[in-house]
Amino acid sequence: MEKGKYLQIVEIDLRLYRKLNRRKVGLSMGETIVVTSGKGGVGKTTTTANLGTALAFAGYKVVLIDTDIGLRNLDVVMGLENRIVYDIVDVVHGNCRLKQALIKDKRFSSLYLLPAAQTKDKTAISPLEMEDLCEELKEEYDYVLVDCPAGIERGFYNAIAGADKAIVVTTPEVSAVRDADRIIGLLESADLRDPKLIINRIRPRMVKNGDMMDIEDIVDILAVDLIGVVPEDEKIIISTNKGEPAVMDMGSKAGEAFRRIAQRIRGEEVPLMNLEVSNPIMEKLRKLIGMR
Amino acid sequence: MLWELLYRVFGRESSSSRMNAKERLRLVLVHDRASISPYLMNRLKEELIQTISKYMVIDEEGMEVSLDQDDQEVVLVASIPVKMIKRDYMDNIRMRETS
């Protein structure tokens with residue numbers, strides 16, 4: 001017990017020392033952003049892959065961390081599943097050096113992936129270890145994007161441990177928004193205030209017909225800042241099939257939305273995408289009758 | 001106007017499930033937020049005691065504050081046993097009213 005305590009104090013001291021040291025040297029520090037949601041299947045991994053790719057495309061040094069130990073998927077979405085040798089657990093346990101585990105992206109030389117382990121579970125790493133890892137990566141990368149697992153257990157606490165900022169992904173469904181609300185509460189109690197919201201898979205036509213919650217409805221209820229809205233897009237499925245993030249497809253609406261979100265992360269002000277539904281037949285009819 | 005009519009007939013589906021979703025979400029979140037946060041309920045209780053104590057003496061031990069939910073709404077239910085109404089406060093008010 002006593003010994004454990006002592007060790008912990010030493011660890012904290014080391015971290016503090018590193019932080020101070022860095023400040024002294026005046027190194028520019030990157031930023032760690034966790035992408036989380038509570039509910040599974042709302043698009044965390046797709047979001048992480050696309051934002052990371054868009055940021056790298058803009059010339060930034062980016063590393064993506066998959067913290068979904070036991071159920072890794074970011075590697076597949078990025079199309080890098082065949083290149084994995086070491087993973088995050090190997091790094092934390094000292095089986096390899098951090099650089100050995102980082103996989104360079106196929107398309108961008110400034111984009112890297114740190115994959116999760118597939119055969120271990122979430123307890124294989126601790127929040128403290130995660131914090132150290134993020135600190136170390138921030139020294140070299142402009143953006144460290146952490147893909148959080150679903151749920152609110154250990155994996156969640158691991159993922160948020162080293163984060164400076166948080167992005168919450170939701171879809172316009174009661175269940176997803178409810179879970180997002182819970183996550184926002186948990187983030188706040190972990191001192192990650194003002195998370196930014198992404199509403200994913202919105203279907204403009206259904207919203208127009210009053211059969212889907214609108215952006216305002218969700219933002220009102222959750223009372224957080226919106227950083228982007230991503231329309232439902234079949235091209236996401238195609239891009240996931242190929243392992244090529246949709247931001248690379250200039251014809252993809254979702255890709256366009258993710259590119260805009262990446263710009264906002266960099267601090268630029270970009271208008272929300274125009275999601276108006278235009279019905280070609282109706283438009284023609286309208287013109288014919290002379291109503292605009 | 002004719003267009004409006006046509007549009008309404010052909011363009012829109014009958015009832016909107018969006019409002020349905022919004023309302024259900026609102027209700028479930030009232031309950032979620034309150035039940036995850038005993039802290040909130042405790043703060044509310046303390047402030048209630050403060051306010052009510054200005055007017056009456058209450059039995060703090062026997063006080064109960066909770067949220068009740070049926071499928072229509074969420075209701076804040078407070079059961080607060082009153083031991084005594086404070087006379088001085090009543091007199092003060094009466095004096096203020098007559099003057």
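In this predicted model, strand β8 (residues 225–231) of chain A is largely enclosed by the rest of the structure, because five of its seven residues are buried. Strand β8(A) pairs with strand β7 (residues 196–202) of chain A in the parallel sense, and five bridges connect the two. Within this pairing, A:Leu226 of β8(A) has A:Leu197 opposite to it. Strands in a sheet are paired by hydrogen bonds of the backbone, in either a parallel or an antiparallel arrangement.

The sheet to which these strands belong is open and contains eight strands of chain A, arranged in the order β3-β4-β2-β5-β1-β6-β7-β8, with mixed pairing. Its edges are formed by β3 (103–104) and β8 of chain A, each of which pairs on one side only. Helix α8(A) touches β1 and β6 of chain A, and its direction makes about 165 degrees with that of β6(A). Helix α2 (residues 44–57) of chain A lies across β1, β2 (62–66), β4, β5, β6 (165–170) and β7 of chain A, and runs at about 165 degrees to β5(A).

When residues up to four places away in sequence are not counted, A:Ile65 touches A:Leu74, A:Ile88, A:Leu114, A:Met130, A:Cys134, A:Leu137, A:Val144, A:Leu145, A:Val146 and A:Asp147.

Two polar residues of chain A illustrate burial of another kind of side chain. A:Ser252 is located in the loop between α11 (234–242) and α12 (253–265) of chain A. Its relative accessible area is 1%, so A:Ser252 is buried, the limit being under 20%. The side chain of A:Ser252 makes a polar contact of 2.8 Å with the side chain of A:Asp233, and a polar atom of the A:Ser252 side chain lies 2.9 Å from the backbone nitrogen of A:Gly255. Beyond its neighbours within four places in sequence, A:Ser252 is in contact with A:Asp233, A:Lys235 and A:Ala246. A:Asp75, which belongs to helix α3 (residues 74–78) of chain A, likewise counts as buried because its relative accessibility is 5%. The side chains of A:Asp75 and A:Arg72 are joined by a polar contact of 3.4 Å. Apart from residues up to four places away in sequence, A:Asp75 touches A:Leu80, A:Glu81, A:Ile84 and A:Leu113.

Over all chains, the structure holds 20 salt bridges. In one of these, A:Lys99 is paired with A:Glu140, with the closest N and O atoms 3.8 Å apart. A:Lys99 lies in helix α5 (residues 98–101) and A:Glu140 in helix α6 of chain A, so the pair ties together parts that are 41 residues apart in sequence. A:Lys99 counts as exposed at 57% relative accessibility, whereas A:Glu140 is partly exposed at 38%. Another salt bridge links A:Asp105 and A:Arg107, with an N to O distance of 3.1 Å. Here A:Asp105 is buried, with a relative accessible area of 4%, while A:Arg107 is partly exposed at 27% relative accessibility.

A further salt bridge is formed by A:Arg203 and A:Glu232, whose closest N and O atoms are 3.4 Å apart. A:Arg203 lies in the loop between β7 and α9 (204–208) and A:Glu232 in the loop between β8 and α11 of chain A; the pair therefore ties together parts that are 29 residues apart in sequence. Both partners are partly exposed, A:Arg203 with a relative accessible area of 40% and A:Glu232 with one of 36%. Finally, A:Lys61, A:Lys99 and A:Glu140 are joined into one network by salt bridges that share partners.

Methods. Residues are numbered from 1 along each chain as its sequence is written. Chains are lettered from A and ligands numbered from 1 in the order in which they are written. This is a predicted model: local features need pLDDT of at least 70, side-chain atom pairs count only at pLDDT 80 or more; totals for chains, interfaces and linings use all residues. Side-chain values use heavy atoms; hydrogens and water are left out. Helices (H or I, at least four residues) and strands (E, at least two) are DSSP runs, numbered from the N terminus. Buried means under 20% relative accessible area, exposed over 50%, partly exposed in between (1.4 Å probe, protein chains only). A polar contact is a pair of N or O atoms within 3.5 Å; within protein, one must be able to donate a hydrogen and the other to accept it, and residues adjacent in sequence count only if both atoms are side-chain atoms. Contact means heavy atoms within 4.5 Å. Two strands pair if DSSP finds at least two bridges between them. Axes are lines fitted to C-alpha atoms, for helices over the stretch in contact, and angles run from 0 to 180 degrees between N-to-C directions. A salt bridge is a side-chain nitrogen of Lys or Arg within 4 Å of a carboxyl oxygen of Asp or Glu.
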